[in-house]
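Trainee: I would like to work through this structure element by element. May we begin once it is displayed?

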Amino acid sequence: MRRSLSRKDRLRRNSEIRELFSSAARIEGRGVKLLYRSNGSRENRFAVVVARGCGGAVRRNREKRITREAYRSLKETISSGNDLLFLIVRFGATFTDRCASMRQLVGRAGLRAAE
RNA sequence: AGGGCAGAUCAGGCCAUCGCUCGCGCGCGUGUCCUUCACGGGGUGCGCGCGGGAGAGGAAAGUCCGGGCUCCACAGAGCGGAACGCCGGGCAACGCCCGGGACUCGCACGCCGAGCCCAGCCCUGCGUGCGAGGACAGAGAGUGCCACAGAAAACAGACCUCCUCAUCGGGCCCUCCGGGGCGCGUGAGAGCGGACCUUGGCAACGAGGACCGCGAGGGAAGGGUGAAAAGGCGGGGCAAGAGCCCACCGCCCUCCCGGCAACGGGAGGGGCACGGAAAACCUCGUUCGGAGCAAAGCCAAGCAGCAGGGGGCUGCUCGCCCGCCGGAAGCAUCCGUUCCGACGCCCUGCGGGUAGGCUGCACGAGGGCCCGGGAAACCGCGGCCCCCAGAGAGAUGGUGGUCCUUGACAGAACCCGGCUUAUCGAUCUGCCCUUUUU
RNA sequence: GCGGGAGUAGUUCAGACCGGAGAGAACGGACCCCUCGAAAGGUUCAGGUCGCGGGUUCGAAUCCCGCCUCCCGCA
């Protein structure tokens, strides 16, 4: 359970995604942008969006799978009570590259959880 | 063994572990409903855990066709529009598939005819075999188009060339000197006539240059232009020619035979009319209502609004009576009175659009094997077996190991049948060609 | 996912159907003239796989078919 990434961990609604785009803090890293804000609950929620221009559906799904897997591996290190949205801007990164850039983004956003 | 063509199948595999989506079973917690006096039992929803199962394609793509399904519209017919178009069959339907026919192209072989130095070459046509191709109805119904070039581009025409007569110029013969006959050339770069310019000459006139005019026909073979030139080729014929006549071929008409048909074969006749293009308009025949799962249906909640009921007048506003609340005057205080201000509702039903949830949403023109029919596509109320993704920011990934041929194009979104496009390869079957061996 | 539209010079467009035959305009660019110099003005010039590939035709920017790219609308 600790490592899972089921439905309640993800942002589900179109309106919630739109709220993040309109009123969330955002910082930019290597090919990835992070949009985040407090959601007033005790859990974190997560979403990934791939920007335009990423070829076909196979490449777009590949980016999202890598990003989800990276978030799953470092969700324990993020302080709770936030909505996070990763916007993929540059394409073709490997899993370890994506992990590193996302970990750096979370640190710069000040969301690193006190162990 | 290698290569080519056609068809079918597969689309990296395996192990461990952490994850995702959806069913199934079990357990726990919880909400609700039914039953019971109660214990308890049952239905249903949600959450969590465990076990076990399933989880993208041949193109899922492009959205180019055809359907199912849903909603809307609809008496019938016509006009208009769109798509399709050899024939037969298949299919739910199709612009798809199968088979057949004609045509075009390529290769090989053979043959008729004509030309030439008769060896052979070349041209035209035909037949047979193999292979390839495709929007393959109609241009002998109408309108329009065919640039440039060329004389002429579609009811043909007449530039050059060809031919005849008239004209003109020589020649030969005859003659009664008036002329006649024969034959040649010319028939528009020659000749004749007219007027002009330059030059020589006193002049008559000569030489040179450029311009204008010169009658009547025959015929369409040849030249040249063009993508295309008005049946092809050869012979006869003729003043020269021409389907004018003839042979072969092409074309058209009629008849007979074969075939379900497209069409094929044969005989007779006509005497050439009928250029291309319909992916120009169009004509003929067949088919077609529109929109699309973001269709459409259901559920609960709240809002605007509408209708009805509970006091009266009014379509509405202002206002009045009435009700209630607050304040002021007056009064020792309260009720009441007067004035001022604010408020004037409740219940039920309907309910566009939007956001949420559920359905549509996966048992179907379904798949596999066999049997039967058929030449094949395909078909069978013939038999057995199987259930095979169902999301909703949108599911197949990460890590470690291992093996090989080092893995292409690429991700379902209501569902099927096709077409088109992208694509590393592997295996099997059938046919053809080359080489080697027996 | 469904439906619709458009690709022509560096940019914005015409030409495209009825009706096929010299690829054009404006702005922008370059040279020159004008000016002491510049701007404006004037002359000349360059710049095009007509998105790509097939087909029909004697001939295709145009007609037909198949792809590619971009844009718009529908909850």
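**Helices, strands and their packing**

Trainee: Which residues are buried in helix H1 (residues 14-22), and on which strands do they pack?

Mentor: The model is a predicted one. In helix H1, the buried residues are Glu16, Ile17 and Leu20. They span an arc of only 100° around the axis, which places them on the same side of H1. The buried residues of H1 pack against E2, E3 and E4.

Trainee: Which residues are exposed on the other side of H1?

Mentor: The buried side of H1 is formed by Glu16, Ile17 and Leu20. The exposed residues on the other side of H1 are Asn14, Arg18 and Ser22.

Trainee: How many residues of strand E4 (residues 82-88) are buried?

Mentor: Both faces of E4 are covered. On one side Asn82, Leu84, Phe86 and Ile88 are buried, and on the other Asp83, Leu85 and Leu87. E4 is therefore largely enclosed by the rest of the structure, the number of buried residues being 7 of the 7.

Trainee: In which sense does E4 pair with strand E3 (residues 45-50), and what is the handedness of the crossover between them?

Mentor: E3 and E4 pair over 6 bridges in the parallel sense. Val48 stands opposite Phe86 in E4. The chain passes from E3 through helix H2 (residues 57-74) to E4, and the handedness of this β-α-β crossover is left-handed.

Trainee: What span should the 18 residues of H2 have, and how far apart are its end C-alpha atoms?

Mentor: At 1.5 Å a residue, the 18 residues of H2 should span 26 Å. This agrees with the model, in which the end C-alpha atoms of H2 are apart by 26 Å.

Trainee: Which residues of H2 are buried, and what covers them?

Mentor: In H2 the buried residues are Glu63, Ile66, Thr67, Ala70, Tyr71 and Leu74. They cover an arc of only 135° around the axis, and therefore lie on the same side of H2. The face turned away from that buried side carries the exposed residues Val58, Arg62 and Arg65. What covers the buried residues of H2 includes E3, E4 and helix H3 (95-108).

Trainee: What does Leu74 touch beyond four places in sequence, and how far is its C-alpha from that of Arg103?

Mentor: Leu74 lies in helix H2, and at 2% relative accessibility it counts as buried. Leaving out residues up to four places away in sequence, Leu74 touches Cys99, Arg103 and Val106. Leu74 and Arg103 are 29 residues apart in sequence, and their C-alpha to C-alpha distance is 7.4 Å.

Trainee: Which residues of H3 are buried, and against which elements do they pack?

Mentor: The buried residues of H3 are Arg98, Cys99, Ser101, Met102, Leu105 and Val106. The elements against which they pack are strand E1 (25-28), E2, H2 and E4.

Trainee: Which residue with a positive phi follows H3?

Mentor: At 1.5 Å a residue, the 14 residues of H3 should span 20 Å, which agrees with end C-alpha atoms 20 Å apart. Phi is positive, near 75°, in the residue that follows H3, Gly110.

Trainee: Is Asn82 buried or exposed, and what are its contacts beyond four places in sequence?

Mentor: Asn82 is found in strand E4. At 9% relative accessibility, Asn82 falls under the 20% cut-off and so counts as buried. Leaving aside neighbours within four places in sequence, its contacts are Arg37, Ser38, Asn39, Glu43, Asn44, Arg45 and Leu111.

Trainee: How are the rings of Phe46 and Phe86 arranged, and which residues form the aromatic cluster?

Mentor: There are 3 aromatic pairs. The rings of Phe46 and Phe86 have centres 5.9 Å apart and planes at 50°, so the pair is tilted. Phe46 lies in strand E3 and Phe86 in strand E4, so this pair ties together parts 40 residues apart in sequence. Phe46 counts as buried at 2% relative accessibility and Phe86 at 0%, and the aromatic cluster is formed by Phe46, Tyr71 and Phe86.

Key:
Residues numbered from 1 in each chain as written. Chains lettered and ligands numbered in written order. Predicted model: local features only at pLDDT ≥ 70, side-chain atom pairs only at ≥ 80, totals over all residues. Heavy atoms only, no water. Buried < 20%, exposed > 50% of the residue type's maximum accessible area, 1.4 Å probe, protein only. Helix = DSSP H or I, 4+ residues; strand = E, 2+ residues; numbered from the N terminus. Pairing = 2+ DSSP bridges. Right-handed = clockwise from strand over helix to strand, strands pointing away. Expected span 1.5 Å × (residues − 1). Arc of directions from axis to C-beta. Contact = heavy atoms within 4.5 Å. Phe/Tyr/Trp six-rings, centres within 6.5 Å; stacked < 30°, edge-to-face > 60°.
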